Every structure is written in structure tokens, then in C-alpha cells.
Amino acid sequence: MGSIKMCQMMLFFAVLSAVLALTSGENSTDSYWLLRIKSELVDPDGVLASWYSRTNTCSWKGVVCSDDQLHIIGLNLSGSGLSGSISPEFSHLTSLQSLDLSSNNFTGSIPPELGLLQNLRELLLYSNYLSGKIPTEIGLLKKLQVLRVGDNMLVDEITPSIGNLKELRVLGLAYCQLTGSIPAAIGDLKNLEFLDLQKNSLSSVIPEEIQGCVGLQNFAASNNKLEGEIPASLGNLKSLQILNLANNSLSGSIPLELGGLSNLKYLNVLGNRLSGKIPSELNQLEQLQKLDLSSNNLSGTINLLNTQLKSLEALVLSDNLLTGSIPSNFCTNSSSLQQLFLAQNELSGNFPLGLLNCPSIRQLDLSGNSFGGVLPPALEKLESLTDLLLNNNSFSGKLPREIGNMSSLETLYLFDNTFTGSIPVELGKLQKLRSIYLYDNQLSGRIPREITNCSSLSEIDFFGNHFMGSIPATIGKLSNLVFLQLRQNDLSGPIPPSLGYCKKLHTLALADNKLSGSLPPTFRFLSELRLFSLYNNSLEGPLPESLFLLKKLGIINFSHNRFSGSILPLLGSDFLTLLDLTNNSFSGPIPSRLSMSKNLTRLRLAHNLLTGNISSEYGQLKELKFLDLSFNNFTGEVVPELSNCKKLEHVLLSNNRFTGMIPSWLGGLQTLGELDLSFNFFHGTVPAELGHCSSLLKLSLNDNSLSGEIPPEMGNLTSLNVLDLQRNNLSGQIPSTFQQCKKLYELRLSENSFTGSIPSELGTLTELQVILDLSRNLFSGEIPSSLGNLMKLESLNLCCNQLQGQVPPSLGKLTSLHMLDLSNNHLRGQLPSTFSEFPLSSFMRNDKLCGPPLESCSESTGQEQKRLSNTAVAGIIVAIVFTSTLICLVLLYIMVRIWCTWRKVMILSSDSGGTEHNMEEEKWDYGDEKKRKGEYWKVNTMALVPSKEKQNPSSPTCIFQLKMDSETMVRQGDVF
């Protein structure tokens, strides 16, 4: 079908060509068609100004005529700044052999009418803005030798009709948006020498038919989506000099047949999925100059020898799985090798001494391996070396001072090793040194002053060592310094004023040291400074006002120092993205000038002495993501203008004096992840709108004067990890919607007035880990057994409520629990046995709890039984005493009757006595009776009151008995 369609198109264009050939008059001349083409173009630079009818066409700009001046055979308008579409009228220039419209601004599609130009040999349309498909009619250009239409926005598949261009030598389709597979018809192009398909979205496999391009010298198909294996048939392309298949998805092993490409100079297959060993057959490529096999999954040892690859200038094997060491015979003194990149493999051993036989090496990268040992002093033999990258290995020992003799050295990367000792002063001789990275080692001592003699230095990174002493006072000599990183050392003393003369500095990082003193006024000269980091030092005093002149500052971190005064000097730049002044002694209000920093994303001013209100102008900071004003003395309400900061993720305002109600507009901050308003004077209710903050992870509203109930909308915060509402005046019940907050791992609701029972739904919050604190509320009812499901819980506080019933046995299964407080409730019954390790204070002031660590439940029962036995004993004693008393009274009655009878007898026997004598006797007898009564009473009392040794708790019975005895005696006295 394809061939029939092609024949039909050829017939159509043949008829059309005949009709055009019969057209007579001026309209048929080439100049006429060129003027028609000109009228459709936009020519801002007047390149086509020479094109007008009264001049010789052959003198027009870009026009090439035949020798007889009768026909236009070439048109070169490359780089003329023309725009518009490519006119179909070009098809009338039938003698045209070369058409070059490259590097312009043409849009639209490639007109299929160009297929009429049967004499065309070169068609150059690259570097425009052409779109659409490559027209099938291109296949009609039988004489075409060069077709370059790359660097456009062409789409769809490569038309198979290209296979009809038998004379084609150059095919350039790179940097487009072509899809589909490489057409097998390309294999029919026997004369093709240059095939460039880079930077498209071509997929599928490389066709075997490509071996038909026997004259192919350059095949570039990098940065596509090609897959499958590299065809072994590529080894048949004996003329091939460049093979670039980088950054595809090719797999399998590298074909051994590639070793037969004797003319190959450039082989690049980086960024694929190739595996297996590197074939030793590649050592046969004597013409090879650059070999890049990096970023694959190649394994095994390095078996490529520079002794055989004598033309090799660059060998790149980085980012593979290569093991072993570098062969000792890798190089010879006659080597041409200039670049050796072996980074990110699994190579090991000491520094490969064989490399010292490669004096031509300029760039050596052994980073990201497992090399160890000390660096050999003979390293200085690599006199041509400009870049030495040994970082991310296990090298140790001291840095050899001989490095100072490597006079060509420009880059020295030794970071992330275990080097010790000090920096050799000989490094000061490296006048060409631009970058020295020694971070993450164990270097110590002082930073040598000689390092400031390296006048070309632009980057210094000594982060994470143990350097001590002061920063060299002569550091200002490094006039080319752009990057200075001395963070996390033990440097002390003041910052040298000369540092202010490093006027090209972009990054200054002196954080995590022991620097002291104030900032030098010379810093006003650092006009190029972008990053200024001084945190974790002991710097002090007010900031120099001249810092306001640093207009390009983007990142400032002065946190954890002793700076004081106003922060205004740091606000001169309109490009601030981060300002962190945490933990200083800055005072006064935040200057309104801050609102000019429209790109500010992080503002951290916590732990200072700042005062005043939050200005409404800060609502202009629409890029703000992190706002931390906590631990200051700010007052007033949170202004509604902050609602314009829609990108806020962290709002930290705790420990201030803010008043008013919590703003409901906070619920509109969809990206809010942390909200901390604790320790302020907010009142009113918790806004239900906060339930709309679906990204919220932490909500801290504790230590305010909030009242009312928790809105059920809080259950919508399904991402919430921490909720802290402690020490407010909240009331009501815990909403059942809390069960939706499945990611909660910290819940604090203590010291409020919550009522009702503890919801059993809390037991579904199985991620609770840090604490569940419901203490000091008015909760009642039983502890829900579902809390036993909180297996990760480490702290549970339910004290000071009105909880009743037993402690659920399920709580005993909480094996992660290390803090428990159930005190001050009305709980009873036996504690789970696993609670024995908790202190007594965890359970005090309850009703009848028992079990370890409290008294055992059996002892408790025994004491209750003992109390019942004592009562019975008391009853028996009362009965005995009562019976004894009754018997005594009966005996007393009998004795009184006997006495009365005896008295009567005595009176009768003494009737003969005088009256006076009888009166005295009666008086005596009465007194004696009283005495006897007194003695009787005394004896009676002693008999009835038990001694202290035998006193029984039922002593009230004895008192009752005494009372009965005395009343009886009174009644008996009345009888007499």
C-alpha cells in the first residue's frame, strides 16, 4: 500500500510540475516567486531589503544563481531573523539545489510541496519553531544528500519514505519531539554517513537493518527511550567513528563485536541499564579517544589497559558496580590519557600507584569508592594534574606536603575521608588552586596563614573538622573568594576585619564555632553576599547599620548568638528568602521594612526581646511558609491580613502576650502543618474552621483562656499527630469524631473541665505513643477497656477525675507504658499484675484498689473479716458485763435487806439509851454508813473500770454499766 500511495503522489506532482512548466509570462520567473515569498515573511532586520524587481535577482541577498545566470540554484537565508511560515511557493524554484532557512523563527509545518524540488540536494530547516509531522513527500527528493530539520517541534514518527533518499549522506533529526521507532527503511541508505537522532522520544529497539548503512561514520541516538540490547550487527559498520547511545534504556551486555570497529574514536553508552563485565575486546580499539560507560550496572574488574588503548584520552567508568583495584600496568609514560573518572564504584585498595605512570593525566576522579591508606608523597609526579577528586573514600593519615608541588592543581577535593593532622603550609604555593574542599575529615590545628597566598582561590570548604584558633587575619588577600565555609569547627576569637575585603563573596558560613566579638564594619563591602550564616557562636553587640547596604542577601541565619538592638540593618535586601535570628537579645518592634521582602519564605525570630504588634503589612509576604515569633513580648491580636499568606505551613506564636480570639481565617490555610498559639491570652472558643486545615500535623492551644466545647470538626484533622489543649477552660465531652484522627501520637487535654465518660473511641487511636493525658478534669464512669488497644502508648494520665469501677485488665497489656497515673479517682478492685512496677503514687486516693504495688487483695479481705470478728467479740463482752452487773445488783439487794434487818435488831436492843446518846450514835452510824458507802462506791468503781492492760475497744459498755450502778445506789438511798 505504501508503494502504491507513493506512486500516486509521484504522478500527481509530475502533472503539477508539467502545468507549472507551461505557465508563461513574468509570473513564471524565479524573481517573481521570490518576491511572492518575501511578501509573506516578517523581516525585522531588513535582510531582504535588496529583493526588489528592478535589480538583478542574482545580486539579491542569499541568492545563488547558476553559471549562466538563468536559474536560481541556491538560497541561503540562515540566521536572518525571519519569521512567518515556510511558503509552498518555494516549490516553483524548480532549479533549486540548496535551500537553507536554518536558525530563524519560522513556524507552522514543513510544506509538502517541497517534494516538487526534484533537483534539491540540501534542505536545511533546523533551529526554527516548525511543528507537525515530517511530510511523506520528502521521500520524493531523489537527489537529496543533506536533510537537517532538527531543533524544531516536529512530532510523530519518522516517515519511512526517508528510505527512498538513496543519495542521502546526512540526516539530522535531533532535538525534536519525534516518537515511535527508528524505521527499518533507514537501512536502505547505503551512502548515509551522519545519522543524528538525539534528544527525541524514540522508543523500541535499534533495528538490525541499520547495519545496511555501510558508510555510516556517526550514529547518535542519545537521550531517547530506546530499549532492548545493543545490536551486535553494529560491529559490521566498519566506517563508524562515533557511536553515541547515551541516556536510553538499553539493557544486556556490551556486544563483543564492538571491539571490531577499528575506526571508532568515540563510544558513549552512559546512562543505560547495561550489565555484565566490560569486554576485554574493547582493548582492540586503537583509535578510540573517548570511552564513556558510566551510569550503568557493569560489574567485575577493570580490564581496560591504557597500554593498548594508546589513543585514549578520556575513560569514564563512574557509577557502576566495578570491584577490585586498578591494574598496576594500567598506564605507561607514553600514555595520552587526560581524564580518568572512576567515581561511585566499589573499587578498593590503597591509592593506585600505577596511575603515577600517567604523567599526562589532567583530571583524576576516584571519589565514592573504598580506597584507603595514606596518600603517597609521590603524588607530586602527576605534574599536569588540574583536578584531583579523592572524596568519599577511606583515606587516612596526614596530607602529604608534596601536594604543594603540584603546581597545575586547580581543584582539590579530599572531603569525607578520615585525614588527620594539620593542613600543610606548602599548600600556600598552589597559585592556580581555585577550589579546596576538605570538609568532613578529622583535621585539626590552625588554618595556616599561608593558605591566603593562593590568590586564585574562589572556594574554601573546611566544614566539620577540628580546626582551632582564629581565622587568618590575612584572609582578605583572597580577592577572588566566592565561597567560604568554615562551619562546625572550634574556631575562636573575633571575625577578622579583612574578611570584608573579599568583595566577591557570595557565601559566608562561619556557624557552629566559638567566635566572639562584634561584626566588623568592613562587612559593608560584601555587596555580592547572598548567604550569611553565623549561628551558634558567641557574637554580640548591636549590628552595624552599614549592613543595610548588602542588597543581595537572600539567606541570613544569626541564631543562637548574643546580638542585641534592632534587626533593621539586616533588612536592606529585597531578595530575602530566609531570616533566622532565633535565640538572641534583639529588641524593639519588627521594622515595617520587612514587608518589602516579597520572596521571604522563612521568618524565625523566636527567643528574643521583641515587642509591639504584628503589622498588617506582613500580609504582603505571600511566599511565607514558616513564621516563628514565639518567646517574645508581642501583644495585640493576630491581624487578619496574615490570611493573605496562603502558603503558610508553620505558625508559631507561643509564649507571647497575644490577646483576642483565635482567628477563624486560620482554617483557610490549606498547607498549614503546625499551629502553636500556646501560652498567650487567647479567649473564646476553638474555631470550628480549624477542622478545614487538612494538612495540620501539630496543634498546640494550651495555656490560654479558651472556653466552650471542642468542635466536632476537629475530627476532620486526619493527619494530626499532636493535639495539646491543656490548661484552658474547655468543657463538655470529647467529640466522638476524634476516632477519625488515626495518626495522633500525642493527646493532651488535662486541666480543663471536660465531663462525661471517656469515649471508648479513643481506643481506636492505635498510633498514640507519647502520651494520653486526660487528667484534672471531671470525667466520670468507668475507664474504657478499649484503651488496652493502645499498644504503643508510653504515658497514660487519668488522675484527678471522678472515674469509677475497676481498672480494665486490658490496660495490663500495654507493654510500652512507662508512666501511669490513676490517682485521685473512685476506682476499686484488683490492679492488673503488670502494674506492680509503677509507684504507689500512681494509685493513691482511690476507693478500694488492691493488688501490687498496693496491699494484696487477700490481706484486704482478711482485714475486713477481722473487723467483723471484733464486733462479735464486743457483743459478747457487753453480754458478759450486763450479766455480771445484774448478778451484782441482786447480791447488793440481798445484802441491803440483811443490813436493814440487822439494824432493826440493834435499835430494839438499845431502846434503854438516852436521847442524846441515841442522836450521837445515830449521827455516828450515819457517818459510818456514808463512809461505808464511799468505800463501797470506790470498790465498786475499781471493780468495774478495767485496767489499761485489759481495756477493750467496747469501753462504752463499761461506762454504761457505771451509770446503771450509780442510779441503782441512788434509788437504794431513797429507800432508806
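I began with Cys-850 and Cys-857, which a disulfide joins at S to S 2.0 Å; a disulfide here is a pair of cysteine sulfur atoms within 2.5 Å. The model is predicted: local features need pLDDT of at least 70, side-chain atom pairs count only at pLDDT 80 or more, and totals for chains, interfaces and linings use all residues. Residues are numbered from 1 along each chain as its sequence is written, and side-chain values use heavy atoms, leaving out hydrogens and water.

I looked up the torsion about the S-S bond of Cys-850 and Cys-857 and found about 85°, so this disulfide is right-handed. Next I checked cover, where buried means under 20% relative accessible area, exposed over 50%, and partly exposed in between (1.4 Å probe, protein chains only). Cys-850 counts as buried at 10%, while Cys-857 is partly exposed at 21%.

How many disulfides does the count come to? I noted three.

I then turned to Cys-58 and Cys-65, whose sulfur atoms are 2.0 Å apart in a disulfide. Their S-S torsion is about -105°, so the link is left-handed. Both Cys-58 and Cys-65 are buried.

My last pair was Cys-331 and Cys-358, joined with S to S 1.5 Å. This link is right-handed, with 125° about the S-S bond. Cys-331 is buried at a relative accessible area of 5%, and Cys-358 is buried at 0%.

I also wrote down the pairing of the bonded cysteines, numbered in sequence order: 1-2, 3-4, 5-6. Cys-800 is in no disulfide; the nearest cysteine sulfur, that of Cys-799, lies 3.5 Å away.
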